Amino acid sequence: MSTTTASNGERAQPILFRGIDEEGLHTLEVYRRRGGYDSLKRVLDAMSPADVLAELQASGLRGRGGAGFQMGKKVSFMPAGQMDKYLICNADESEPGTFKDRELMQKSPHMLIEGMIIAAYAAGANRAFIYIRGEYQAQADILDAALVEAQAEGLVGERILDSDFELTLVVHRGAGAYICGEETGLLDSLEGKRGNPRLKPPFPANQGLYQGPTLINNVETLATVPHIIRMGGAEYAKVGTETSTGTKLVSVSGNVQRPGNYEVELGTPSREIIYGLAGGPPEGRTVKLWFPGGSSAPVLTGDDLDVPYDFDALAKAGSMLGSGAIIVVDDSVPVVAVALKLAKFYKHESCGKCTPCREGTRWTVSMLERVDNGLATPMDLDIMASVQEQIIGNCLCVLGDAMAMPIGSMVAKFRDEFEAHIEAARTRNPFGDEQPSPDPVLVQGAAA
Amino acid sequence: MPRPEIHMITFTVDGREVRAPENAMLVDAAKLGDVEIPVFCYEPKLGQPVGACRMCLVEIEGIPKLQTGCSTPVKDGMVVITQSERVKEAQEAIVEFLLVNHPLDCPVCDKGGECPLQDISFGWGGGRSRFIEPKRHFEKPLALSPLIAIDRERCILCYRCVRFSQEISEDYQLILAERSADTYVSTFDGHPYVAPFSGNIIELCPVGALTSQPYRFRARPWDIEGAGSVCTLCPAQCNVELTVRDERVLRVLARQHPGVDDGWLCDKGRFAYQSVHVDERITRPMVREGGELRPVSWERALDEAAGALGRAGAQSAVLAGGGATNEEGYLLQRLAREAVGTPHVDSRAGGGPGRELAAALGAPALQATVPDLEHAHAVLVLETEPVDDMPIVDLRIRKGVRRNRVRLAVATPRPSSLDRNADVSVRYAPGCGEAFVAALSAMLGGEGKNVDELASSAGTTVEALRGVTGVLRGVEVGEGATGSDEAGPRDIVILWGERLTQGRRGAAAARGLLNVAARLRLGGREGAGLLEVPVAANGRGLREAGVLHDAGPGLSEPPHGEMAAIDGLELPDGLARGDLTTLLLWDAEVDAATLAAAGTVIAHAAFLTDALRAHATVVLPAESYAEKEGTVTHPDGRVQRLRPAIGRQGGVRPGWQVLADLMARVGATQDPADPGAGDPRVLTGPMASRQLFEAVPVYAGLTLEELGGRGVRWPAREQAAAWPRADAGPFGLEVPPGPVKANGDLRLGTFRSIWAGPEVGHSPALRFLVPKPRVEMAPADAQRRNVTQGDHVTVGHNGAALHATVVLRDAVPRGTVFVETDALRAGPVDVRKAPPRAGPPAPDPAEAPS
């Protein structure tokens with residue numbers, strides 16, 4: 001996939017995607033030739049875990065998985081002392097619209113492995129896992145092969161690079177549940193149980209995998225770590241904005257002409273990404289709505305295209321950066337179809353443990369189906385909005401909110417279209433016996 | 001681990017300052033301030049909260065999001081709000097969500113009227129419904145098991161039943177299948193959920209999703225009354241509440257008592273109430289006439305019984321057992337000793353150590369309590385299978401191991417269901433308990449030389465013993481644990497089965513056990529000690545009431561002085577020799593051969609066994625525990641009160657009254673000049689209790705009011721000082737006999753499953769659980785004898801044999817077989833393929849030897 005940096009290329013060079021398409025980068029040889037594992041060597045030769053932590057904190061790096069929590073802070077929560085501590089790389093990448101980790105692992109697996117070793121060193125963990133989503137068979141194979149290479153070269157295992165540091169690393173494939181991307185659901189799944197989220201607190205940093213302190217980070221976050229060591233935390237922090245430092249891989253999909261992964265400097269105007277990099281919607285179409293951070297993010301409209309793409313600006317605009325996946329929907333797609341497709345996904349993926357999510361997602365799907373086939377009234381939209389509010393903040397994990405926020409925002413921002421849809425469907429289908437409309441296909445060209 | 005200390009803190013709930021233990025969950029802490037926070041999934045008995053139902057959301061100052069009160073530990077100065085608009089909205093939202101898929105079939109639902117979902121909908125719900133879509137549908141009702149019906153439409157997926165199965169009973173059968181709104185409770189592959197404690201999930205269910213098959217549609221909550229009592233079907237003596245409608249027991253619920261049962265019941269205790277009301281029960285006195293037992297009047301039966309006892313005098317023997325109350329025991333030994341004039345009284349059919357040793361083993365300073373099991377440093381399970389012998393403590397041990405990291409050692413001949421929870425699990429040869437405790441005592445005492453020999457006498461290894469010692473001493477297994485006691489005494493509970501001290505060498509085994517206790521310094525230590533699992537449900541109480549051949553009430557010197565008394569073990573020989581002619585069985589069972597040897601058999605029983613039908617002379621109907629009045633004593637010394645829940649069925653009379661009548665009659669026959677001579681002056685149940693409390697020194701001053709619904713542990717009372725002093729060792733031990741030489745045959749071990757006992761066979765709902773005769777053997781032994789799983793075989797030697805089905809069990813040690821029977825005596829047995837039988841006469845389970 002094409003990779004480009006922000007428009008004003010002088011400001012920042014790509015960090016993660018620099019030369020990502022180089023032939024053979026997934027091999028240790030090429031990775032090393034390009035300076036790979038130098039950061040690890042520097043860390044083990046000359047830095048204490050506290051030094052590494054200081055660099056991470058100075059970098060201001062925020063988690064790339066969705067919550068945007070400062071990585072350095074998370075590492076600092078790990079208790080000191082001798083005990084079994086764990087590092088887990090969350091490679092479940094199951095958020096709809098997100099496919100950046102996939103490319104990263106596929107093309108530069110050693111970058112992740114190096115980042116994990118450094119992060120484990122900082123966190124005092126001696127056991128690490130890569131929990132990779134089940135569908136990523138090819139990527140898991142590539143990681144496994146990379147791991148074998150790294151182990152053979154003494155980069156993983158006992159006495160790494162002749163230091164006293166040891167780390168075992170295991171690639172574990174998930175079995176295809178969205179909820180296992182939620183960090184505590186992931187922990188249960190990794191322990192061999194049904195992947196259900198756990199109550200927090202205790203947070204994983206205190207009681208995570210097998211009750212031990214556990215640091216969990218996303219692939220992109222961990223892959224950034226060697227670069228922070230290479231550049232220095234302070235230098236890294238100069239990229240991006242003050243509170244959203246560094247660059248971000250953005251997966252752009254939906255009604256755009258050039259979907260794909262792009263590395264952008266945080267703070268780049270969203271319009272620049274959607275139109276400048278991804279080419280915008282097909283000729284003659286306009287952006288109706290877009291999800292700035294995966295399907296769980298509240299939607300923004302065409303009026304919000306000038307919002308800078310960073311954590312705080314998007315939060316201020318009423319949405320979130322989330323996993324960094326922009327899904328663009330143009331004016332050819334009915335909003336009801338988008339909402340229904342989304343709600344069905346979350347209903348299907350709800351683990352069923354807590355009440356609001358389990359019942360709320362099912363109820364929402366039922367209501368949206370009625371909206372779609374003309375059996376609803378505008379009053380149902382009020383109920384739907386109210387049900388979303390009843391879900392938000394009341395669930396055990398964020399899955400319920402992940403449906404309620406975008407659906408709520410769609411109902412709020414496109415109320416007129418919803419009402420018109422009800423009216424049209426009722427006229428077309430006065431007896432309510434029509435089959436639900438097919439799911440919208442959000443790929444380039446198909447909607448045109 | 002020792003009990004945690006409790007710090008009290010002050011927090012504010014709805015503007016009220018409340019004192020509460022620090023880190024108590026908010027839901028519980030708020031109750032101390034009379035604030036109720038509604039819950040569905042939260043149940044402290046189930047361990048860590050899961051926060052699934054979200055019903056308990058509350059506002060906490062300083063935390064932006066609403067928090068679940070069930071999982072938030074209370075801290076000093078916390079300010080909690082449960083009445084704000086925000087909380088109210090959230091609670092109404094959850095109730096609305098829960099009702100979205102819940103059928104409103106309350107009028108035909110068993111739970112209606114006692115349903116938390118109804119109560120909470122009424123108290124915290126919005127009272128409106130905006131849901132017009134079709135509800136979720138499942139096939140219903142389905143049998144989750146023959147005992148439990150499941151209605152998945154009513155299920156609110158609170159996780160309680162699944163958590164019970166996974167984390168309390170650890171049978172790991174129930175799971176949640178599927179995901180999201182399609183989730184449902186099930187066993188993994190749809191097999192029936194059959195487990196010793198399955199019925200608890202009915203009580204845990206906060207809606208009508210799990211209902212009791214036997215109780216279904218039998219009553220509504222406004223038809224019934226609850227009657228608290230104590231279940232006397234096994235020594236666990238769980239506190240129960242009997243649900244009564246029109247003088248019939250329709251249900252048994254747990255009456256939570258942390259000191260006894262922790263709020264759980266086994267399925268036997270929960271469902272065997274059915275046997276109270278079956279036709280097979282004896283409800284009229286019977287006398288043998290013309291070779292058959294025929295119903296007669298009480299007067300006639302009592303006259304016959306009294307006459308026989310009076311005539312036989314010192315040639316009569318009295319054996320009590322089962323759930324006979326302390327009062328019955330006390331009156332029974334008075335009847336024997338004072339009226340009939342015989343010293344031959346016992347409550348231990350298998351015999352046991354003499355008065356001194358019994359006193360030492362039962363000494364108040366050496367008694368552990370049931371809750372000690374969950375807070376000890378280490379627990380040793382010795383010669384007992386808790387799930388069979390005293391089921392509810394099985395859950396207590398699992399709780400200790402799971403939640404408090406109690407270290408567990410299991411030492412039994414038969415593989416135990418606790419093996420997988422144990423740090424160390426060792427096997428020794430059946431009947432070699434004495435050698436095992438002797439070896440353990442030697443190991444703990446550092447007598448290295450003896451250990452080898454004793455270990456091999458016990459049919460175990462030094463390594464195994466070292467493992468047990470390691471667990472008890474708190475050293476890592478394999479760290480060369482020896483007898484050293486460097487770490488000082490620890491809280492150790494030894495849960496031991498009475499079987500250990502039965503038989504002719506019971507005294508030697510008792511000395512060994514006392515030595516072990518002495519070497520671990522358990523005496524006088526809070527949280528440590530011995531906890532016996534008696535064979536009879538009220539074994540301890542009967543002994544304390546004086547039903548022992550060599551001891552009177554309170555284990556006092558027996559009143560008959562020098563006269564040698566025949567104990568329960570010698571009883572068959574006594575009868576065979578002709579020293580005894582008349583036998584009074586009070587809720588006790590002996591085998592048919594023994595009965596046949598007695599000239600006259602007077603049996604107080606609830607059910608006729610084949611043996612009684614063939615040999616009893618007089619049969620007196622016994623009360624069920626639901627009808628009984630009196631006291632029983634828990635194995636940890638807790639005197640508990642039985643209260644009648646229903647009127648006595650048919651012509652059944654109270655046991656105390658029957659005994660008082662017998663005494664008066666026997667006394668009258670003995671001294672015609674003074675017809676009132678034998679009158680024990682017992683006119684009511686409470687009078688019998690008062691006499692008991694006066695006669696047993698350690699019960700002195702107890703009243704039924706004081707016992708109330710919770711009982712009183714006498715070892716914790718001042719009056720415990722009146723317990724007879726006894727030498728508690730250490731003793732020099734005799735050389736124990738080694739294991740039976742099998743000479744190519746197999747050693748026989750016997751056991752009694754939880755499903756033994758007439759109450760199970762006579763309860764229609766439980767009958768399917770009555771065990772088929774089976775022989776458990778190691779695969780290698782089976783192969784050598786050319787038999788395999790499911791084969792019909794005969795087990796026995798020299799004539800005595802029984803038919804059984806082979807069950808292969810990897811964990812059974814080679815060279816040993818286990819059979820559920822009392823019919824075969826220990827010794828070598830052979831297992832042979834049974835000749836094919838034409839139309840096998842399947843034994844009526846109700847009549848199976850138990």
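**A walk through chains A and B**

B:Gln237 is found in the loop between strand E11 (225-230) and strand E12 (239-245) of chain B; strands (E, at least two residues) and helices (H or I, at least four) are DSSP runs numbered from the N terminus. B:Gln237 is not a glycine, yet its phi is positive, at about 50 degrees. With a relative accessibility of 1%, B:Gln237 counts as buried, a word that means under 20% relative accessible area, against over 50% for exposed and in between for partly exposed (1.4 Å probe, protein chains only).

This is a predicted model, in which local features need pLDDT of at least 70 and side-chain atom pairs count only at pLDDT 80 or more, while totals for chains, interfaces and linings use all residues. Residues are numbered from 1 along each chain as its sequence is written, chains are lettered from A and ligands numbered from 1 in the order in which they are written, and side-chain values use heavy atoms, with hydrogens and water left out.

A positive phi also occurs in chain A. A:Asp162, a residue other than glycine, has a phi near 65 degrees. A:Asp162 sits in the loop between helix H7 (137-152) and strand E3 (168-173) of chain A. A:Asp162 is exposed, its relative accessible area being 67%. Most residues other than glycine have a negative phi, and most peptide bonds are trans.

A:Pro202 lies in the loop between helix H8 (183-190) and strand E4 (214-218) of chain A. In chain B, the bond from B:Lys140 to B:Pro141 is cis, and its omega is near -10 degrees. B:Pro141 belongs to the loop between helix H3 (116-124) and strand E6 (142-143) of chain B.

Next comes chain A as a whole. Chain A contains 17 helices and 11 strands. Its radius of gyration is 22 Å, close to the 22 Å that the globule rule gives for 448 residues, so chain A is as compact as a globular protein of that length; the radius is taken over C-alpha atoms, and the rule is 2.2 Å times the number of residues to the power 0.38. The C-alpha atoms of chain A fill a box of roughly 75 × 45 × 35 Å along the principal axes. Of the 448 residues in chain A, 61% are buried.

The domain assignment, which is automatic or from a database, divides chain A into domain 1 (35-237), domain 2 (247-324) and domain 3 (335-447). Between domain 2 and domain 3 of chain A, the C-alpha centres lie 23 Å apart. Their contact (heavy atoms within 4.5 Å) takes 17 residues from domain 2 of chain A and 16 residues from domain 3 of chain A.

Chain B has 25 helices and 34 strands. For its 850 residues a compact globule would have a radius of gyration near 29 Å, and the 28 Å of chain B agrees with this. The C-alpha trace of chain B spans about 85 × 65 × 65 Å along its principal axes. Buried residues account for 62% of the 850 residues in chain B.

Five domains are assigned in chain B: domain 1 (8-83), domain 2 (135-276), domain 3 (300-350 + 539-722), domain 4 (356-533) and domain 5 (746-833). The C-alpha centres of domain 1 and domain 3 of chain B are 52 Å apart.
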